[in-house]
Amino acid sequence: MQPEQWTPELDALIASPQHHKLLFENERVRVLDTNIPPGEMTALHTHSMPASLVVLTWSDFIRFDAEGNILLDSREKGLSFEPHSALWSGPLGLHALKNVGTNDLHIISIEMKE
């Protein structure tokens with residue numbers, strides 16, 4: 001199942017290639033390397049598949065919707081994960097993400113194809 005706003009051109013690899021790199025893909029999974037340096041913001045994009053995430057480095061971030069409204073501020077939620085932490089994420093609709101911290105936000109995403 002894909003998010004309501006999903007279109008191929010909004011896929012993270014196409015819409016924000018400077019922040020998302022393909023590491024591996026087959027018929028079951030797609031592995032992305034996502035790295036957002038401090039102060040940088042991604043283009044609007046989606047993640048259409050649920051994914052297991054592995055944190056390489058963590059940084060505070062703000063996730064915005066297409067109109068620029070704040071969807072999530074990691075600082076307000078007290079989110080912080082150590083390197084090598086594993087997380088789960090469902091599909092994410094249209095959003096942009098800004099790294100407002102001092103480290104790279106560097107995540108490996110193992111997306112599950114359904």
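This report covers a sheet, a pocket and one histidine in a predicted model.

Five strands make up an open sheet, ordered 1-2-9-4-7, with antiparallel pairing. Strand 1 (20–25) and strand 7 (86–89) stand at the edges. Each has a single partner strand, so one side of each lacks a neighbour in the sheet. On average, neighbouring strands of this sheet are turned by 25° against each other, direction ignored. Strand 1 runs antiparallel to strand 2 (residues 29–36), and 5 bridges join the pair. Glu25 sits opposite Arg30 of strand 2.

The largest pocket holds about 500 Å³ of space. Its lining counts 26 residues; Leu53, Phe61, Arg63, Ser89 and Leu92 are the closest to the centre. Strand 9 gives the most to this lining, with 4 residues. The strands below are among those that each supply at least two residues of the lining.

| Strand | Residues |
|---|---|
| Strand 3 | 45–47 |
| Strand 4 | 51–57 |
| Strand 5 | 61–64 |
| Strand 9 | 105–112 |

Strand 2, strand 7 and strand 8 also supply at least two residues each.

**His95.** This residue belongs to strand 8 (residues 92–99). Is His95 buried or exposed? His95 counts as buried because its relative accessibility is 3%, and the cut-off for buried is under 20%. A polar atom of the His95 side chain lies 2.7 Å from the backbone oxygen of Gly93. Leaving aside residues up to four places away in sequence, His95 touches Ala43, Leu44, His45, Thr46, His47, Arg63, Phe64 and Leu71. Of these contacts, Arg63 is also one of the residues closest to the centre of the largest pocket.

Key
Residues are numbered from 1 along each chain as its sequence is written. This is a predicted model: local features need pLDDT of at least 70, side-chain atom pairs count only at pLDDT 80 or more; totals for chains, interfaces and linings use all residues. Side-chain values use heavy atoms; hydrogens and water are left out. Buried means under 20% relative accessible area, exposed over 50%, partly exposed in between (1.4 Å probe, protein chains only). A polar contact is a pair of N or O atoms within 3.5 Å; within protein, one must be able to donate a hydrogen and the other to accept it, and residues adjacent in sequence count only if both atoms are side-chain atoms. Contact means heavy atoms within 4.5 Å. Two strands pair if DSSP finds at least two bridges between them. Axes are lines fitted to C-alpha atoms, for helices over the stretch in contact, and angles run from 0 to 180 degrees between N-to-C directions. On a 1 Å grid over the protein atoms alone, a cavity is a set of points where a 1.4 Å probe fits but cannot get out, and a pocket is an open set with protein on both sides within 12 Å along at least five of seven lines; lining residues have an atom within 4 Å of a point. Grid points are joined across faces, edges and corners, and a volume is the space filled by probe spheres set on the points.
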